[in-house]
Amino acid sequence: MNVQNKQSTRDGYGQGLLELAKTDVNIVALTADLAESTRVLQIAKTLPNQFVECGVAEQNMMGVAAGLALAGKTPFVNSFAVFNPGRNWDQLRVSVCYSNLGVKIAGHHSGLSNGGDGATHQGLEDIAITACLPNLTIISPCDFNEAKNCVAAAANYPGPVYIRLSKSEIVAITDPNQEFVIGRGECLQLGDKLTVITTGRLVSDCLELARQHSEVGIELLKLSTIRPLDEELILSSAAKTKKVLVVEDHQITGGLGSLICQLLSQKLPVPTTCHGIYNRFTESGSEPDLLAKYQLDQTGIWQKISQIL
């Protein structure tokens, strides 16, 4: 684990998008009055012809992006996840997904990473409202390196892609030169007693826990693509351990855990526990305090693992 620097996935995404835009004039960044927060400000400053400021009008922004895609551009639509895809879900569904357009949607400040702004700005339902949409691919990078590298993968991938990003500054656990392959998960630690599946900003915490308690037999799977799932990886691990725990900074209804349960119930029924936000609105607070309250910090996750084991 690289502990030299802590950086957010939004920072990695911003750097990756800027580098890609410099080499491809068809890349266009759109934002709804959040250029700095969504890390596209440098594109606005250095590549103004590849930037569109839509103002606080997220629905219109998605419609503009659909038009750009029809004109041969590759638009990246940026706002907080509660607004994008939250507020503009109808335009995402009808204008983008229905026509299978190559619009790339970046939902920033997901999970509890925007803790201080309270429940109205905490993106805890974005997986649920995107996983139900036909044609939409969902990416959830775990660190700066993956977020940077997933940009090119998303741009080259056919159809719409949702990228789930966090403002949390976390340690990088992946190789900066590792190619991001959509649809491929990764086993970060082998074990034979319990499969722990996680995604996004909680991956580094779960990996540290798995290494600290290697004697208990935790097998840790990182799913940086939520749709399509790496079914082979999941089923292989579940067949070995016979128990699964899914950990996510999202409502437990409709999130990654729900998708895992659907897969396992159909192909390999094993006891499966979903651990996340238990169908409630949260409140304002620092991210560490909120993670602790909802048992999504390392202490809380370990308590859940101990209960299952």
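# Sheet pairing and cysteines

User: What does Val 246 stand opposite in strand 14?
Analyst: Val 246 stands opposite Cys 274. Strands here are DSSP runs (E, at least two residues), and helices are H or I runs of at least four, numbered from the N terminus. The model is predicted: local features need pLDDT of at least 70 and side-chain atom pairs 80 or more, while totals for chains, interfaces and linings use all residues. Residues are numbered from 1 along each chain as its sequence is written, and side-chain values use heavy atoms, without hydrogens or water.

User: How many bridges join strand 13 to strand 14?
Analyst: Five, and the two strands run parallel. Strands pair if DSSP finds at least two bridges between them.

User: And what's the strand order in the sheet?
Analyst: It's an open sheet of five strands, 9-11-10-13-14, with mixed pairing. Strand 9 (186-189) and strand 14 (272-277) are the edges.

User: What packs on it?
Analyst: Helix 8 (residues 231-241) does. Helix 8 touches strands 9, 10, 11 and 13; contact means heavy atoms within 4.5 Å.

User: New topic. How many disulfides?
Analyst: Zero in the whole structure. A disulfide needs two cysteine sulfurs within 2.5 Å. For Cys 187, the nearest cysteine sulfur is that of Cys 206, 13 Å away.

User: Is Cys 206 buried or exposed?
Analyst: Buried, at 3% relative accessibility. Cys 187 is partly exposed at 29%. Buried means under 20% relative accessible area, exposed over 50%, partly exposed in between (1.4 Å probe, protein chains only).

Terms used. Axes fitted to C-alpha atoms, helices over the stretch in contact; angles between N-to-C directions.
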